Amino acid sequence: MKIRVMVCDDNEEFVANARSHFAVSDKIELVETASNGKDALERLDSVRPDVLLLDLVMPTLDGFSVLERLNKGNMKVIVVSALSQDAFISKAMNLGADFYMMKPV
């Protein structure tokens with residue numbers, strides 16, 4: 001059974017790279033993408049990914065706001081961000097992120 005991943009990031013290059021990487025994986029399936037937090041929250045219930053890769057700096061609704069409104073259930077949230085200050089990392093983790101990865105990944 002493949003791990004179902006959703007990517008929420010407004011960086012088109014990052015999304016394209018994730019799409020290419022997961023396309024050749026026999027263990028991971030990219031099931032959805034969103035370029036802002038509002039769209040991600042609207043799609044999460046119907047898509048039900050196992051993992052959400054979430055950027056923090058996005059238009060419309062940022063990653064922190066997504067974390068605040070998210071009903072995680074069993075889903076893991078991996079924040080992937082260029083923000084490297086400890087305060088941002090701590091805030092994301094306190095809001096429920098499971099992992100924090102620095103860009104570039």
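Arg 43 counts as partly exposed, at 29% relative accessibility, where buried means under 20% relative accessible area, exposed means over 50% and partly exposed lies in between, calculated with a 1.4 Å probe on protein chains only. Arg 43 forms a salt bridge with Asp 39, their closest N and O atoms being 3.9 Å apart; the term denotes a side-chain nitrogen of Lys or Arg within 4 Å of a carboxyl oxygen of Asp or Glu. Because Asp 39 and Arg 43 are four residues apart in helix α2, about one helical turn separates them; helices (H or I, at least four residues) and strands (E, at least two) are DSSP runs, numbered from the N terminus.

## Basis of the values

This is a predicted model, in which local features need pLDDT of at least 70 and side-chain atom pairs count only at pLDDT 80 or more, while totals for chains, interfaces and linings use all residues. Residues are numbered from 1 along each chain as its sequence is written, and side-chain values use heavy atoms, with hydrogens and water left out.

## A second pair in the helix

Helix α2, which spans residues 37-47, also holds Lys 38 and Glu 42, which lie four residues apart, about one turn of the helix. Lys 38 and Glu 42 form a salt bridge in which the closest N and O atoms are 2.8 Å apart. Lys 38 is partly exposed, with a relative accessible area of 41%, whereas Glu 42 counts as exposed at 51%.

## A pair across the sequence

The structure holds six salt bridges, and one of them joins the side chains of Lys 103 and Asp 9 at 2.6 Å, N to O. Lys 103 lies in the segment after β5 (99-102) and Asp 9 in the loop between β1 (3-8) and α1 (12-23), so this pair ties together parts that are 94 residues apart in sequence.

Asp 9 counts as buried, at 2% relative accessibility, whereas Lys 103 is partly exposed, with a relative accessible area of 21%.

Setting aside neighbours within four places in sequence, Ala 40 is in contact (heavy atoms within 4.5 Å) with Met 6, Cys 8 and Ala 34. The C-alpha atoms of Ala 40 and Val 5, which are 35 residues apart along the chain, are separated by 12 Å.
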